[in-house]
Amino acid sequence: MTSYRYKVTLQYDGSQFVGFQIQPNGRTVQEDIEKALKIMTKGQEIKLRSAGRTDSGVHAKAQVIHFDYPVHLPPENMKRALNSLTTDEIAIYQVEVVDESFHAQYSSAGKKYQYRVDINEVMTPFKRLYALHHPYRIDMEALEEALAVIVGKHDFTSFCASNSGKEDKVRTVYEAKVERDELNGEIIFTFRGNGFLYNMVRIFVGTLLQIANGLRPADDMKRILEAKDRNQAGPTAAAHGLYMMQTYYDKREATKGTIFEQTEDAE
């Protein structure tokens, strides 16, 4: 039977979801979209695949999914239908018909994540679900020194949840930076790489905030990385400060503006 593969880019507020992937213990983004597709096909089950699985409370500004649909719908019609059948927590903003060889996860050349930290003395209630409140000392120079250590190709065992099923812990981080947003009283971490292990970004942030506070020296990052031991790193930062910002399907885009641009070391 002929089918048509759709690549869909969407945003979602993860506050009321227990994650992206379908789970038995609560509402998920995947479940909501698959329910919409079932209505559109008058009862046909359509399974989607995603670029990555976000945890409970994690947000996405550019999650990518794909699915095979039994009839051809113009992309604008598909976008309109999905948006009308999902809640305002989900926004479908780009739809393409793609070749059947495309896979949202396996065709990926890299991802970008951001983590927002609210450093104001008093947390505003309007940020409580969207940034980690951390009203403590922030040493930006120490953060920048520590972030430089994780750029490159490394075994990131120390920064991976101990219950991760992936045996190969080697990844390449193309970019790791921090910026201070004085207007909003935030610091924003950005991480770009060819792939990320389970909880990797959140463990980075938990460790980096200890360095920012002076609880660890900046050069401790190198020791932790080389130890290949999760127990040596800091805590896993809360989920609600994390955002999936982009999935790249072109290696040149994934490494653009970094020291890995147009080099063979970006694998």
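## Aromatic pairs

Rings of Phe, Tyr and Trp (its six-membered ring) pair if their centres lie within 6.5 Å; planes under 30 degrees apart are stacked, over 60 edge-to-face, and the rest tilted. One aromatic cluster is formed by Phe156, Phe159, Phe189, Phe191 and Phe204. The model is predicted: local features need pLDDT of at least 70, side-chain atom pairs count only at pLDDT 80 or more, and totals for chains, interfaces and linings use all residues. Residues are numbered from 1 along each chain as its sequence is written, and side-chain values use heavy atoms, without hydrogens and water.

The structure has eleven aromatic pairs. One of them joins tyrosine 12 and phenylalanine 20. This pair is tilted, at 6.0 Å centre to centre and 35° between the planes. Tyrosine 12 is buried at 4% relative accessibility, and phenylalanine 20 is buried at 1%. Buried means under 20% relative accessible area, exposed over 50%, and partly exposed in between (1.4 Å probe, protein chains only).

## Nonpolar core

A nonpolar core is a set of buried Ala, Val, Leu, Ile, Met, Phe, Trp, Tyr and Cys residues joined through side-chain atoms within 4.5 Å. The largest one holds 64 residues. Phe67, Phe159, Ile187, Phe189 and Phe191 touch the most other members. Helix α4 (residues 200-213) supplies the largest share of this core, nine residues. Helices (H or I, at least four residues) and strands (E, at least two) are DSSP runs, numbered from the N terminus.

What does isoleucine 187 contact, leaving aside neighbours within four places in sequence? Its partners include Tyr115, Val117, Ile138, Met140, Val178 and Leu209. Contact means heavy atoms within 4.5 Å.

## Salt bridges

The count is 19 salt bridges, each a side-chain nitrogen of Lys or Arg within 4 Å of a carboxyl oxygen of Asp or Glu. Aspartate 55 and arginine 202 form one, at 3.2 Å from N to O. Aspartate 55 sits in the loop between β2 (49-50) and β3 (59-69) and arginine 202 in helix α4, so the pair ties together parts 147 residues apart in sequence. Aspartate 55 is partly exposed at 22% relative accessibility, whereas arginine 202 is buried at 13%.

Glutamate 76 pairs with lysine 79, with closest N and O atoms 3.2 Å apart. Both lie in helix α2 (residues 75-85), three residues apart, about one turn of the helix. Glutamate 76 is partly exposed, at 45% relative accessible area.
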